[in-house]
Number of protein chains: 2
Amino acid sequence: MNILDQLIDALRVLPGVGPKSAQRMAYHLLQHNRSGAQRLGLSLEQALSQLQHCARCNSFTEAEICERCSNTQRDPSLLCVVEMPADLAVMEQTHSYGGLYYVLMGRISPLDGIGPRELQLDKLIERASDGVVREVILATNFTNEGEATAHYVGEVLRSRGIKVSRIARGVPVGGELEHTDIGTLAQAMVERRKL
Amino acid sequence: MNILDQLIDALRVLPGVGPKSAQRMAYHLLQHNRSGAQRLGLSLEQALSQLQHCARCNSFTEAEICERCSNTQRDPSLLCVVEMPADLAVMEQTHSYGGLYYVLMGRISPLDGIGPRELQLDKLIERASDGVVREVILATNFTNEGEATAHYVGEVLRSRGIKVSRIARGVPVGGELEHTDIGTLAQAMVERRKL
């Protein structure tokens, strides 16, 4: 494979990018945005070498423990479990929550071969069992997979005597947090119910 | 800006990738395809440092003159002008053409600030004036921009005494009149050929 085809092929690692898009992207970068392409290459390298999972919330960070988890202003007795960092970000925008987070970095999805083991739920259980956390708030998506994840995680944590709640179903069924309006999401946080 | 945000920002150099997609791509790469991300980074670097424009056809190549232009089996008296390498590729798939190519790497597009100067038409004129080329076949798209490009390029080359033609426009092979758009059909009528 020549170098151009290698680049086109490499671009297909991006989700949602098929052969045609990859081709268009490669031509665009080489022809019109070489400096952007260079920046992208460096950013990838830098991110791969310097980003790691926060030892507490599991999100991406440059430090061992991220800024949010190190913030003593936040309530360490509340732990909100979300699927992805994007969900955490949108939850923060509601300004309705002052506790800490745990990011699953995925969801239980048998069709994709992602079960409890792949999600490394042990890490969450350990985090939730630190003796400081008094309530775990499940804020996974209200999709089938997010619901299944909440159900499973809830069962596991409750069986260990941890108080668990689920954000309210103000979010439309089938909806994703990332695409929910802020007001609805704030309401869902306020109305979380005990499981 | 932290390293994750830098990566998300860098991914937006890709055409058609907005903030949400870039975020999703970054998480996907970091979480699920680190080796793919590494390959992409290396491919970008390699492509930027090793690919250049073929001195004859202007397409991307690792050599000074690409394989196709070096192929003595092809007819050097015919020069087919296309917008992008993808157009060249699809033309080759027809097996209906044995001449050489010139790739504009774009099209005249005033709205995008791309005029004759940005397209470096001098390079095409020089190429077409090598004394060997006897006919330049314009195979730009039949979009407004492609048509404008063909018109302009045609004028310039003809004024230099070079024979210029345009690939035919009409009802597609296998196409039914009933399902052909009116513009194409009208054009096919105007440009009817004597049998």
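**View 1. The segment of chain A that a database record names as a zinc finger region.** In an unreviewed entry, UniProt lists residues 54-69 of chain A as "zinc finger region: C4-type"; the positions follow the numbering used here, the feature name is shortened, and such annotations may be inferred rather than shown by experiment. The model is a predicted one, in which local features need pLDDT of at least 70 and side-chain atom pairs count only at pLDDT 80 or more, while totals for chains, interfaces and linings use all residues. Residues are numbered from 1 along each chain as its sequence is written, chains are lettered from A and ligands numbered from 1 in the order in which they are written, and side-chain values use heavy atoms, with hydrogens and water left out.

**View 2. The whole of chain A.** Chain A contains 8 helices and 7 strands, and its C-alpha trace spans about 60 × 35 × 35 Å along the principal axes. Of the 195 residues in chain A, 50% are buried, where buried means under 20% relative accessible area, exposed means over 50%, and partly exposed lies in between (1.4 Å probe, protein chains only). Among contacts (heavy atoms within 4.5 Å) between residues at least 6 apart in sequence, 56% join residues at least 24 apart.

**View 3. Strands β3 and β4 of chain A.** Strand β3 (residues 75-82) of chain A pairs with β4(A) in the parallel sense over 5 bridges, and two strands are said to pair if DSSP finds at least two bridges between them. Both strands are mostly covered, since 6 of the 8 residues of β3(A) are buried and 5 of the 5 residues of β4 (residues 99-103) are buried. Across this pairing, Cys80(A) stands opposite Tyr101(A) in β4(A). In a regular strand the side chains alternate between the two faces of the sheet.

View 4. Glu118(A) is placed in the loop between β4 and α6 (121-128) of chain A, and Glu118(A) is partly exposed, with a relative accessible area of 46%. Arg107(A) is 11 residues from Glu118(A) along the chain, and the C-alpha atoms of the two are separated by 9.3 Å.

Note on methods. Helices (H or I, at least four residues) and strands (E, at least two) are DSSP runs, numbered from the N terminus.
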